[in-house]
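Trainee: I am new to this structure. Could you take me through a close look at one part of it, the metal site, and then show me where the chains meet?

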There are 2 protein chains.
Amino acid sequence: SRHIALDVSERDAQTSHRTVTIPGLINVTGYVPNASNVIKGPAELKETTRLCLESGFTFSQIMPRSASGPTITDSHSLKAALSTAKDSSYTDFSLTVAGTSNNAEMIGSTSDQVSALFLPFHELKNKVSTVAELLKTWPIEKQVIAEAKTADLASVLLLASLQNRSIHITGVSNKEDLALIMTVKEKDPSVTCDVCIHSLFVTQEDYPEGVFLPTEEDQQFFWDNLDSIDAFSIGVLPTMLAHVTGNKVDIGSGIKDALPLLLSAVEDGRLTIDDIVLRLHDNPIKIFNLPEQKAVVEIDLDYSFNNRKRWSPYTKGGLNGGIERVLVNDETVVLSGDLIAIQPTGISVVKAQGSGPVSANIEAPLG
Amino acid sequence: SRHIALDVSERDAQTSHRTVTIPGLINVTGYVPNASNVIKGPAELKETTRLCLESGFTFSQIMPRSASGPTITDSHSLKAALSTAKDSSYTDFSLTVAGTSNNAEMIGSTSDQVSALFLPFHELKNKVSTVAELLKTWPIEKQVIAEAKTADLASVLLLASLQNRSIHITGVSNKEDLALIMTVKEKDPSVTCDVCIHSLFVTQEDYPEGVFLPTEEDQQFFWDNLDSIDAFSIGVLPTMLAHVTGNKVDIGSGIKDALPLLLSAVEDGRLTIDDIVLRLHDNPIKIFNLPEQKAVVEIDLDYSFNNRKRWSPYTKGGLNGGIERVLVNDETVVLSGDLIAIQPTGISVVKAQGSGPVSANIEAPLG
Ligand SMILES: [Zn+2]
Ligand SMILES: [Zn+2]
Ligand SMILES: [Zn+2]
Ligand SMILES: [Zn+2]
Ligand SMILES: [Zn+2]
Ligand SMILES: [Zn+2]
Ligand SMILES: [Zn+2]
Ligand SMILES: [Zn+2]
């Protein structure tokens with residue numbers, strides 16, 4: 001669903017900077033490791049969603065993951081996360097629940113309060129029957145997000161196909177995996193995938209420690225097959241890379257430069273604004289059944305992007321793109337890249353399948 | 001195709017032993033590690049096929065495997081194996097070719113001289129794109145035999161399904177793998193499998209070193225789901241078990257007691273003679289497109305089986321069943337369990353798809 005003409009227009013007469021207005025973007029794999037921790041979580045969620053909003057992301061789907069393992073795994077931890085998020089998020093959001101080797105019986109009760117079931121890599125690895133069990137429990141109409149590689153990727157794709165259910169593969173990191181997904185997509189368009197934005201711009205050659213990064217050859221394959229990549233994500237990759245390279249691990253790594261990176265590719269003619277909106281707005285809404293927001297983002301394409309505050313995987317500089325303004329429900333919430341006085345009243349919004357949005361708690365929507 | 005009435009009849013008036021006549025059995029995964037070694041191979045093949053024939057197996061499909069890796073991998077090694085087998089096999093046989101990480105381009109030229117492509121466990125492990133490449137090269141109408149577990153099993157099943165091709169999983173060793181195969185079979189009956197005969201009778205509890213054996217629970221699941229097991233095999237399991245337990249590793253381990261083990265299950269009411277013939281004759285012929293032979297085996301059900309000559313995984317004794325006579329092309333080739341004077345003139349027979357048998361070499365058929 002396209003709401004806005006994406007024509008780039010000369011706007012700022014004084015500086016001749018080009019601007020473009022796009023719909024509010026969606027952070028499909030928000031990384032908030034303390035999401036279910038009522039002590040540490042609120043500040044972290046505030047910081048993350050502030051960074052998101054200032055970067056053009058007006059909705060986050062939050063992954064139930066942390067460096068030490070899955071966070072939201074049952075109705076108790078989901079309740080804790082909803083409590084954590086109360087008055088702590090600057091944007092509306094959805095939570096997701098993690099499947100593990102021993103919670104197949106517990107996830108079902110969470111399904112109408114989360115947007116998807118997440119199958120983390122470590123829980124999937126060589127555990128075909130665990131995954132089969134989890135998929136059997138999970139309502140067929142709700143999405144499944146799997147972080148899977150090589151044989152585990154093939155295995156989860158087979159299990160999804162045996163159940164005739166859709167599946168989304170997140171953080172595809174190499175050529176072979178994308179090629180397999182492409183082959184399956186030919187037969188079954190309900191298989192979708194995302195790649196991390198940073199993995200379109202940095203490689204294992206840049207960071208030999210980053211074995212989870214694509215090689216240059218993998219990366220070229222991603223660019224050559226962009227049509228098969230349904231969504232772009234930020235996810236945990238920038239944080240993991242900061243960790244393995246001994247750089248400072250900040251909350252919200254990779255959020256601020258995500259859009260400037262993509263806009264630099266627009267500038268280089270490798271991507272269009274439409275390509276970005278499709279993969280950071282239209283497709284995420286469809287794939288994860290997320291709510292349509294009344295949110296627009298005005299971008300200054302010629303603003304020189306500067307990210308000195310936190311370490312970023314992309315260190316070559318020269319990125320352009322600034323958030324001039326973000327409007328949610330016709331109110332300006334970000335101006336010249338900074339959050340302007342609003343309260344963190346974002347709520348969990350999960351759409352019931354085949355109906356309108358349903359709030360997981362009782363607060364009024366952000367606006 | 002059933003040729004013979006399988007009624008058990010009182011035959012031997014003197015001893016009141018019951019006998020039954022069944023079609024010549026097929027050894028679906030013959031283990032001849034030196035099959036392509038023109039020096040060591042002939043004696044080994046003679047010994048193996050003698051044991052087979054004396055045990056009721058009148059045809060062997062030979063796996064291209066040895067303890068040190070794949071043996072037949074291209075047209076050179078196939079030629080060597082055909083040369084090795086010349087005047088060295090007491091039964092007709094078919095060879096198979098192994099897929100490896102670097103021979104996708106070489107297997108195609110062997111396809112009309114072998115009965116199947118074999119994908120060994122070590123070559124499959126986490127190599128989805130290698131397997132995809134191998135399957136792409138291999139003629140769609142020729143069978144593929146995969147030795148795969150857990151995620152690699154799922155992955156090869158997915159790849160086969162994407163190509164709409166049949167696949168046979170050999171040596172299924174645990175409950176989860178059989179359950180996955182059963183789920184896939186429901187949708188796609190061209191997926192077939194075998195279990196090793198010995199793994200129906202010995203478990204990890206008997207041999208803690210034999211991690212490739214089923215647990216008691218796995219084994220019970222096999223017996224409970226016999227309908228989903230298309231074939232029985234002997235394979236490399238008895239040899240591997242002799243190796244890990246420090247017992248003497250003989251050529252042809254497990255062949256002599258294979259049928260007596262199954263007949264003991266018939267005696268216990270857990271299996272019928274029909275079940276055996278289906279899985280050691282009818283189904284193998286269909287699954288691997290093997291030639292129909294004119295071969296019958298007369299079994300003395302009450303003969304006390306004795307296997308003192310070589311180590312066997314099954315040490316509890318008390319097995320019954322003796323091969324009274326084997327007739328191939330109306331000639332008696334085994335009498336009272338012993339090969340009687342015949343020459344090892346068995347040949348490679350591979351049926352062209354949709355036509356009659358084609359000899360891979362020019363000798364006359366055995367008989
Ligand atoms: Zn400007
Ligand atoms: Zn709990
Ligand atoms: Zn990223
Ligand atoms: Zn929209
Ligand atoms: Zn007798
Ligand atoms: Zn060669
Ligand atoms: Zn066996
Ligand atoms: Zn027959």
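Mentor: Donors here are N, O and S atoms within 2.8 Å of the metal (3.2 Å for Na, K and Ca), and sites may look incomplete because water is not among the atoms. This is a predicted model, where local features need pLDDT of at least 70, side-chain atom pairs count only at pLDDT 80 or more, and totals for chains, interfaces and linings use all residues, while side-chain values use heavy atoms without hydrogens or water. Residues are numbered from 1 along each chain as its sequence is written, with chains lettered from A and ligands numbered from 1 in written order.

Find the zinc ion (ligand 2): its protein donors are Asp74(A), through OD, and His76(A), through ND1, at 2.2 to 2.3 Å. His76(A), by contrast, is exposed (over 50%), at 63%.

Now turn to where the chains meet. In contact (heavy atoms within 4.5 Å) are 20 residues of chain A and 20 of chain B. Together the chains bury about 1,600 Å², 72% of it on carbon and sulfur atoms; this is accessible area (1.4 Å probe) lost on being put together, summed over both. Leu158(A), Leu162(A) and Lys187(A) supply 33% of what chain A buries against chain B, more than any other three residues. Helices (DSSP runs of H or I, at least four residues) are part of the picture too: α5 (128-137), α6 (150-162) and α7 (175-187) of chain A each bring at least two residues to the side touching chain B. α6(A) gives the most, with 10 residues.

Definitions and conventions: Buried area = accessible area lost by both parts, 1.4 Å probe. Buried < 20%, exposed > 50% of the residue type's maximum accessible area, 1.4 Å probe, protein only.
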